[in-house]
Amino acid sequence: MRPFSYIRPTTAEEAVNAFADAEAGARFIAGGTTLYDLMKLNIERPTHLIDVTAIGGLATIDTSGDRLRFGALAPMSAVAADPVVAGDYPVLAEALWKAASQQLRNMATVGGNLLQRTRCMYFRNGVDGVYPCNKREPGSGCAAIGGLDRGQAVLGASGSCNAVSPGDWPVALTAMDASVEIVGPAGQRRVPIAELYRLPGDTPHIEFSLAPGELITVIEVPRETLEAGTARGSTYHKIRDRESYAFALASAAVVLEIEDDQVIRARIALGGVATRPWRATEAEAVLAGQRLTPERAIEAGRAAFRTAQPGRHNRFKLELGARTVADALLIAAERSRS
Ligand code: SF4
């Protein structure tokens, strides 16, 4: 048992100040579904826990304006069940429903879920020097490179780390061009979701573009209006070893705008295959202005993996990922017709 202090401030300002006042080792905590897990594994060793769950106004779900606004403390299950989200934005609702178990979705917050850490087995099981891991111990090496890499990334990896970004919700938000509002010691700022996640490069232990003491307060999703005659369909398609309570081997979030059977705009993001939520711009380019046929869908899926670099055991992700994208495109297209 490692001792730590615990406080529960009631405003974001108090929380940020408490973080600044603490010595190194402070952590914000909300639902705790990741942090407690990592504390039990001895990977996270906080000396101060700042519980943000008593901060007022951060669990609000507001779908009334021209932007969907989700307070960072809103439970994943509540956002998934919101009638506007479930009815008009299936890509968001499905990404939440397909994550974890109902018990975890009731506890976990939509803000905390953005900062979930990797499931790389060497990261989670290699404490106390059993396996080297640059993410856990910078400069120690990477046991996954050249090791058992079936679950590792084929996109965005570096010579220091090929761990997969584990989330579903961040992938859907990437396809929706979402952003987050952040408060911190330097004040308030807004960050596009795509910029929240860093590639591993030489510093895989720095996973997010958050400065120390910065706290995500709101997730915002643009609520774009459609041109007359244009229809939208979306989905989050997730392939895993078992149908429930498992992380993605490959997933695709797709938002399609279609007019007269032609794709006006496609937004595609990938999960389970990359070191961060991965926007598949090559696949999007294949579809622009084209009719969506099954052949075009698989062509787009393959384009998404053109720059992939598989390891020894995860080459299957290239074809699995391409087919996941293709299936998601056809599901989204079908929904745009209904
Ligand atoms: Fe650690 Fe990344 Fe290597 Fe996994 S892939 S062992 S997280 S450095």
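Let's start at a pair of neighbours: strands S10 (residues 250–259) and S11 run antiparallel and are joined by nine bridges. Helices (H or I, at least four residues) and strands (E, at least two) are DSSP runs here, numbered from the N terminus, and two strands count as paired if DSSP finds at least two bridges between them. The model is predicted, so to speak of local features a pLDDT of at least 70 is needed, and side-chain atom pairs count only at pLDDT 80 or more, while totals for chains, interfaces and linings use all residues. Residues are numbered from 1 along each chain as its sequence is written, and side-chain values use heavy atoms, with hydrogens and water left out.

Glu-257 has Arg-265 of S11 as its bridge partner, and Val-254 has Ile-268 of S11. Between S10 and S11 sit two residues, making a hairpin. Most residues other than glycine have a negative phi. Is Asp-260 buried or exposed? It is exposed, with a relative accessible area of 71%; buried means under 20% relative accessible area, exposed over 50%, and partly exposed in between, with a 1.4 Å probe and protein chains only.

Now follow S11 itself. This strand covers residues 262–271, and seven of its ten residues are buried. On leaving S11 you meet a second hairpin, with six residues between S11 and S12, where Gly-272 takes a positive phi near 80 degrees. Strand S12 (residues 278–279) runs antiparallel to S11, and two bridges join them. Within this pairing, Ala-269 stands opposite Arg-279 of S12.

Which strands make up the whole sheet? Four of them form an open sheet in the order S9-S10-S11-S12, with antiparallel pairing. S9 and S12 are its edge strands, each pairing on one side only. In general, strands of a sheet pair through backbone hydrogen bonds, either parallel or antiparallel.

The loop between S9 (231–239) and S10 deserves a stop too, as it holds Tyr-245. Tyr-245 has a positive phi of about 55 degrees although it is not a glycine. Tyr-245 is partly exposed, with a relative accessible area of 46%.

Finally, step back to the chain. It contains 13 helices and twelve strands. For 338 residues, a compact globule would have a radius of gyration near 20 Å, and the chain agrees because it has 20 Å; the radius is taken over C-alpha atoms, and the globule rule is 2.2 Å times the number of residues to the power 0.38. The C-alpha trace spans about 60 × 50 × 35 Å along its principal axes.

Buried residues make up 52% of the 338. Of the contacts (heavy atoms within 4.5 Å) between residues at least 6 apart in sequence, 64% join residues at least 24 apart. The chain exposes about 15100 Å², and carbon and sulfur atoms supply 51% of that; accessible areas come from the Shrake-Rupley method with a 1.4 Å probe, and for residues only the protein chains shown count as cover.
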